[in-house]
Amino acid sequence: MRNGVNAFCRSGRVPFMYEYGFESFVIWYIHFSRNSRTVPEPDINPRGLLHPEAGSGLHILVTGGAGFIGSHAVMVLAGAGHAVTVLDNLSRGNAGALRALRDMIPARRFRFLRVDLGDRATLCSALATSSPPLDLVMHFAAVAYVGESMRDPLQYYKNVTVNTVNLLDCMAANGIKKLVYSSTCAVYGNPEKLPVTEQTPPVPINPYGQSKLMAEEPDFKAIILRYFNVYGSDPLGRLGEYPRPELRSQSRISGACMDAALGLVGHLTVKGTRHPTEDGTCVRDYIHVMDLISAHEVAMRHLANPPPLYNIGTGKGVSVKQFVEACRRVTQRDITVVYQEEARPGDYAAVWSDVSKINRELGWRANYTDIEEGLRHAWQWRVKHPHGYAQ
Ligand SMILES: NC(=O)c1ccc[n+]([C@@H]2O[C@H](COP(=O)([O-])OP(=O)(O)OC[C@H]3O[C@@H](n4cnc5c(N)ncnc54)[C@H](O)[C@@H]3O)[C@@H](O)[C@H]2O)c1
């Protein structure tokens, strides 16, 4: 056993249990065994013919539609009369989110295909056989954790950059030439000047940001949206954010805070207290997922070649400490917060957006600028789903 562990350590990969502790391992194991043994894959109309609303409806491919942001996009797009094909390999998303979507969307507007973007032949064939033909792609599928990208950069270059190239090739081969691309503020790295505009030179400091930047170059009508930190959930409580337990150690501050509030983990660790910011913790721009999706609805009407580029944020910086305090107030739970001096590798100190370009050119701005309101939406779903979507 010891030799096994040493071998893993030498290879730079430490088994989950050793890296994150026994408590996280038990949670992960329970989840894994439920998912792998008992949960059937959702069979949602895979060969079905879809019917967008006559006149204005499109047939939209949403990659990563089982994930946090993608699932919210599917709900909104289908609600607006579009037909949506979700393509996801379920490596990180939730089958339960797809079932929740199936229960709220008419069958003629929604179907799911389990496809890995790395499997180019299956991907191209899925695009070729979609009926009616696809009009547009929203490409959310990715791996998206800074810390993980520092430990396993190749996974990021493969799953973000190479797989985006696969998607673009299959789109071109099938005459689909409209794309909304999910990029990230991680492409800016540690900017010299704040707030960040679209003119700020992209100098990523982690493989996640680098892999996204390298994929920002489609050669047809597209739009590139650089999201800042996404949080919140459907205000009506139909969907939520539930990072899988095996990703808990990497997870974003909102999910981590709620895990602590629910007692699923003993405490919340804030990593990095000596950043050159007012209170020493990182500063981020938190954008509500519903605002982010409304930006997509506007953006899909403004595609061009070469693709325009927009920041999607609120224009306001909030420190991690302030975010945690807001989370405490919203959950009203006694959360133990451990402040760890050492920063997370690959983390930049402060980044927030200048959103005047999208406001001026497309007339979009965020509605939810009070983080407590967004956290209340996330919490109302999480309290009802402490262990994620019903299986
Ligand atoms: N959440 C944020 O704060 C944030 C910020 C900036 C940018 N983004 C970007 O937004 C997008 C969505 O992020 P999210 O937070 O919803 O992540 P998520 O992990 O919840 O969703 C990603 C989805 O993509 C799927 N996927 C991953 N690799 C795949 C592959 N090879 N083939 C098919 N499906 C695959 C996963 O199963 C998952 O359902 C990502 O591109 C991410 O980089 C997110």
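Predicted model: local features only at pLDDT ≥ 70, side-chain atom pairs only at ≥ 80, totals over all residues.
Helices (H or I, at least four residues) and strands (E, at least two) are DSSP runs, numbered from the N terminus.

View 1. Most residues other than glycine have a negative phi, and most peptide bonds are trans. Asn-45, however, has a phi near 55 degrees. Leu-90, in the loop between β2 (83-88) and α5 (95-104), has a positive phi of about 60 degrees. Asn-45 is partly exposed, with 17 other C-beta atoms within 10 Å, and Leu-90 is partly exposed with 18. (A residue is buried if 20 or more other C-beta atoms lie within 10 Å of its own, exposed if 12 or fewer, and partly exposed in between; C-beta atoms are placed from the backbone.)

View 2. Leu-194 and Pro-195 are joined by a cis peptide bond with omega about -5 degrees. Look for Pro-195 in the loop between β5 (178-184) and α9 (207-214). Another cis bond links Asn-305 and Pro-306, with omega about 5 degrees; Pro-306 belongs to the loop between α11 (289-299) and β11 (309-312).

**View 3. The largest nonpolar core.** A nonpolar core is a set of buried Ala, Val, Leu, Ile, Met, Phe, Trp, Tyr and Cys residues joined through C-beta atoms within 7 Å. This one has 107 residues, and those touching the most other members include Val-62, Val-74 and Ile-312. Helix α4 (residues 68-79) supplies the largest share, seven residues. Leaving aside residues up to four places away in sequence, Val-74 touches Val-62, Gly-65, Val-84, Val-86 and Leu-101; contact requires C-beta atoms, placed from the backbone, within 7 Å.

**View 4. The shell around the ligand.** Here 27 residues surround the ligand, the closest being Gly-64, Gly-67, Ile-69, Gly-93 and Ala-142. The shell divides into 12 nonpolar, 12 polar and three charged residues. (Ala, Val, Leu, Ile, Met, Phe, Trp, Tyr, Cys and Pro count as nonpolar, Asp, Glu, Lys and Arg as charged, and the others, Gly among them, as polar.)

Technical notes:
Residues numbered from 1 in each chain as written. Contact = placed C-beta atoms within 7 Å. Near = placed C-beta within 6 Å.
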